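Welcome! Here is a short briefing to read alongside the structure below.

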Amino acid sequence: MKIAFIFLFICILFLVPSACTYPGKVITDKKETKNEGIKGEKEYIIEINDLIRSAEKYLEKGEFEKSGIAFRKVLDNYPKEKSQRSRIRSSKESIESFIGTCSKELMGQGLLKYRNGNLAGAIETWKKILLFDPDHHDARRAIETASIQLKNIKAIKNPPENPS
């Protein structure tokens with residue numbers, strides 16, 4: 001019975017690493033002091049805030065793909081603890097809004113390419129949205145539609161040879 005309990009305990013430690021992690025840091029030394037844990041937390045908050053600043057700069061420059069990817073990283077690593085969230089420079093809702101802005105801008109760029117007959121360019125632009133907003137329904141639908149049209153155009157330009 002003791003061996004089964006020890007085995008179960010070891011399995012839990014290895015299968016549930018979040019039980020042994022600090023956000024952004026794995027605690028490996030059991031002798032780690034409370035101050036070192038706080039230092040790790042401070043570094044985590046600084047990294048998140050730096051990433052937000054970078055994403056905002058990309059947004060200002062019109063680099064929507066880079067901005068969206070950076071904002072997605074922030075959102076994926078947004079602190080769960082209230083004490084940490086209060087030290088982040090933007091709320092989770094703001095980050096989600098920024099991601100929406102990046103998606104909207106790239107959708108617009110893709111539509112412009114689409115209207116100008118650049119279907120491949122439009123598809124490429126819309127695929128960028130899925131890098132940071134994988135559930136973006138409009139981008140997925142636009143990619144599907146433009147891909148079908150591009151395939152049909154290629155078929156018209158290069159019809160199969162008639163076997164006579």
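**A first look**

Arg87 is partly exposed, with 37% relative accessible area; that class lies between buried, under 20%, and exposed, over 50% (1.4 Å probe, protein chains only). This is a predicted model, in which local features need pLDDT of at least 70, side-chain atom pairs count only at pLDDT 80 or more, and totals for chains, interfaces and linings use all residues. Residues are numbered from 1 along each chain as its sequence is written, and side-chain values use heavy atoms, leaving out hydrogens and water.

**Salt bridges**

- The structure holds seven salt bridges, each a side-chain nitrogen of Lys or Arg within 4 Å of a carboxyl oxygen of Asp or Glu.
- One of them joins Arg87 to Glu41, with the closest N and O atoms 3.3 Å apart.
- This pair links distant parts of the chain, 46 residues apart: Glu41 sits in helix α2 (residues 34–61) and Arg87 in the loop between α4 (82–85) and α5 (92–115). Helices here are DSSP runs (H or I, at least four residues), numbered from the N terminus.
- Glu41 counts as buried, at 13% relative accessibility.
- Another salt bridge pairs Glu56 with Arg89, at 3.0 Å between the closest N and O atoms.
- Because Glu56 is in helix α2 and Arg89 in the loop between α4 and α5, this pair ties together parts 33 residues apart in sequence.
- Glu56 is buried at 19%, whereas Arg89 is partly exposed at 42%.

**Helix α3**

- Helix α3 (residues 64–76) has 13 residues and should span 18 Å at 1.5 Å a residue, which agrees with its end C-alpha atoms being 18 Å apart. The expected span is 1.5 Å times one less than the number of residues.
- Its buried residues are Phe64, Ser67, Gly68, Ala70, Phe71, Val74 and Leu75.
- They cover an arc of only 165° around the axis, so they lie on the same side of α3; the arc is taken from the directions from the helix axis to the C-beta atoms.

**Aromatic pairs**

- A search of the whole structure finds two aromatic pairs. Rings of Phe, Tyr and Trp (its six-membered ring) pair if their centres lie within 6.5 Å; planes under 30 degrees apart count as stacked, over 60 as edge-to-face and the rest as tilted.
- Phe71 and Phe98 are stacked, because their ring centres are 4.7 Å apart and their planes at 10°.
- Phe71 belongs to helix α3 and Phe98 to helix α5, 27 residues apart.
- Phe71 is buried at 0% relative accessibility, while Phe98 is partly exposed at 24%.

Terms used:
Helices (H or I, at least four residues) and strands (E, at least two) are DSSP runs, numbered from the N terminus.
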